[in-house]
Amino acid sequence: MSGTESGTNRKGNGSKESGMKWWQLSLVGAGCTIGTGYFLGSSIGISNTGPSIVFSFLLASLGTYIVFNLLAKMTAKDPQEGSFCYYAEKAYGRWAGFSSGWNYWCSNVLIMGSQLIALSILSQFWFPNISLWIFAAGYAVLSISVVFLGTEGFDKIEDIFAVIKTAAILIFIILGTVALLGWIPGEGSEQPGMPVSAEKLFPNGLKGFWASLIYAFYAYGGVEVIGLMAMQLRKKGDAPKAGKVMMIGLTTIYVISISLAVTMVSINRFHEEESPFVTALSNYNLPFFPHLFNGAIIIAGFSTMTAALYGVTTLMVTIAKDGNAPHFFGKKLTKFKSLPLPSLGLGALGLLVSVVTALLLPGKIYEYITTAAGILLLYNWSFIIISSFSILTEKKMLDKVISLIGLTLILCAVIGTLMDESIRPGFYISLIFVSIIGIVTLIMRKRWKADMNDL
């Protein structure tokens with residue numbers, strides 16, 4: 001899920017992109033969204049449901065577009081720095097903005113941890129004897145160091161990383177097609193080919209398909225910040241069009257690449273510790289590809305994780321300025337290039353927790369964190385849809401039905417995590433976060449009410 005972080009960084013430099021054209025937003029959105037959630041997390045989805053993972057991605061694409069379209073319309077109608085947090089508060093009061101902001105911050109911390117663990121798993125491809133937590137600690141320190149360097153020129157670097165991500169998928173599509181045509185030496189006897197029965201299409205039944213939805217949605221993570229960037233368009237009304245083109249592009253390359261992968265090797269070969277695209281070409285005489293692709297994913301994953309750290313840092317500053325967090329976290333020190341060190345320290349603490357967790361639970365930690373991060377992200381998407389019912393009062397009946405379809409798809413993805421015992425702990429982790437946020441929100445509501453009475 002990578003767009004979350006990249007988009008947040010770009011928001012801070014809105015003056016440079018104030019004249020963005022709609023097609024530029026589409027390209028930036030597609031590039032920023034592609035991340036390790038797709039490159040690595042999709043392996044878990046394939047293991048759950050087999051070739052029907054393609055349908056999971058199509059359903060997730062529909063749900064994602066509904067969220068993007070609603071946010072783009074709200075942004076065009078009332079452009080605000082606070083984005084979805086602002087709209088939640090405008091629609092339902094301060095408690096909604098408070099809980100939405102903190103839920104988003106927590107989801108970003110988990111996404112950051114998910115990226116961190118993914119990088120560590122991918123690095124073990126070259127150094128299998130080095131413990132996961134050692135890689136996690138190294139990448140965490142390196143990421144913090146990059147943020148300390150400041151944000152100058154970061155947008156250009158993100159564009160380069162976006163090209164690397166997209167190019168990696170396109171390279172796989174080309175090589176996969178050539179391999180299926182028999183033009184590359186290798187063992188093609190294992191190829192399951194196109195499924196011709198429901199049993200082959202849904203090898204693990206409805207439960208497996210249901211459980212895979214969360215990983216398909218997670219691969220589209222970041223759409224809420226791409227909506228933020230809509231306020232930088234020359235014509236705000238072009239935001240929905242930009243979203244359509246972005247989603248068509250993303251869905252096309254996602255579906256084609258994932259379809260190739262599941263037709264090249266049997267589903268029992270896929271696992272969470274290796275990219276499905278590396279697995280798909282493992283039987284062919286392409287000794288360079290696993291190393292090339294693994295390196296590309298690591299570069300892409302590191303860029304999104306570092307931008308995630310920047311994102312949670314700047315978001316905490318906004319929350320603090322709004323009075324929904326201690327003002328201490330809004331302070332900046334000019335000695336360190338005006339960096340909000342308290343907020344950065346809090347984000348770094350989230351990275352540290354990920355490192356410790358990787359040390360204690362190295363086996364299933366990626367699945368747990370990825371699942372929890374995806375669920376919290378979907379909670380935030382629900383906030384966006386629900387807020388639109390109050391803000392976009394001119395919505396027609398068809399628009400309301402489409403919004404309800406989006407909510408239903410999100411609900412199905414969340415509930416689907418209960419269908420698989422291996423990812424179920426991620427759902428419980430998300431509930432812990434939501435419960436804590438809910439309790440704190442109730443406490444703060446009493447305080448806000450008391451403050452109002454004092455006035």
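**Exercises on a pocket and a helix crossing**

About 640 Å³ of space lies in the largest pocket of this predicted model. Residues are numbered from 1 along each chain as its sequence is written; side-chain values use heavy atoms, without hydrogens and water. Local features need pLDDT of at least 70, side-chain atom pairs count only at pLDDT 80 or more, and totals for chains, interfaces and linings use all residues.

**Exercise 1.** Determine which residues lie nearest the centre of the largest pocket.

*Solution.* On a 1 Å grid over the protein atoms alone, a pocket is an open set of points where a 1.4 Å probe fits, with protein on both sides within 12 Å along at least five of seven lines; lining residues have an atom within 4 Å of a point. The lining comprises 29 residues, and Trp105, Cys106, Val109, Phe433 and Ile436 lie nearest the centre. Two or more lining residues come from each of the helices H7 (94–123), H16 (341–360), H17 (365–391) and H19 (424–454), helices being DSSP runs (H or I) of at least four residues.

**Exercise 2.** Classify the crossing of H7 and H8 by angle and by hand.

*Solution.* First, the axes of H7 and H8 (residues 132–148) come within 8 Å and cross at roughly 120°; axes are lines fitted to C-alpha atoms over the stretch in contact, and angles run from 0 to 180 degrees between N-to-C directions. Finally, H7 passes H8 in a right-handed crossing, in which the near helix is turned clockwise from the far one by less than a right angle.

Definitions and conventions:
Points joined across faces, edges and corners; volume = space filled by probe spheres on them. Parallel < 35°, antiparallel > 145°, perpendicular 65-115°, else oblique.
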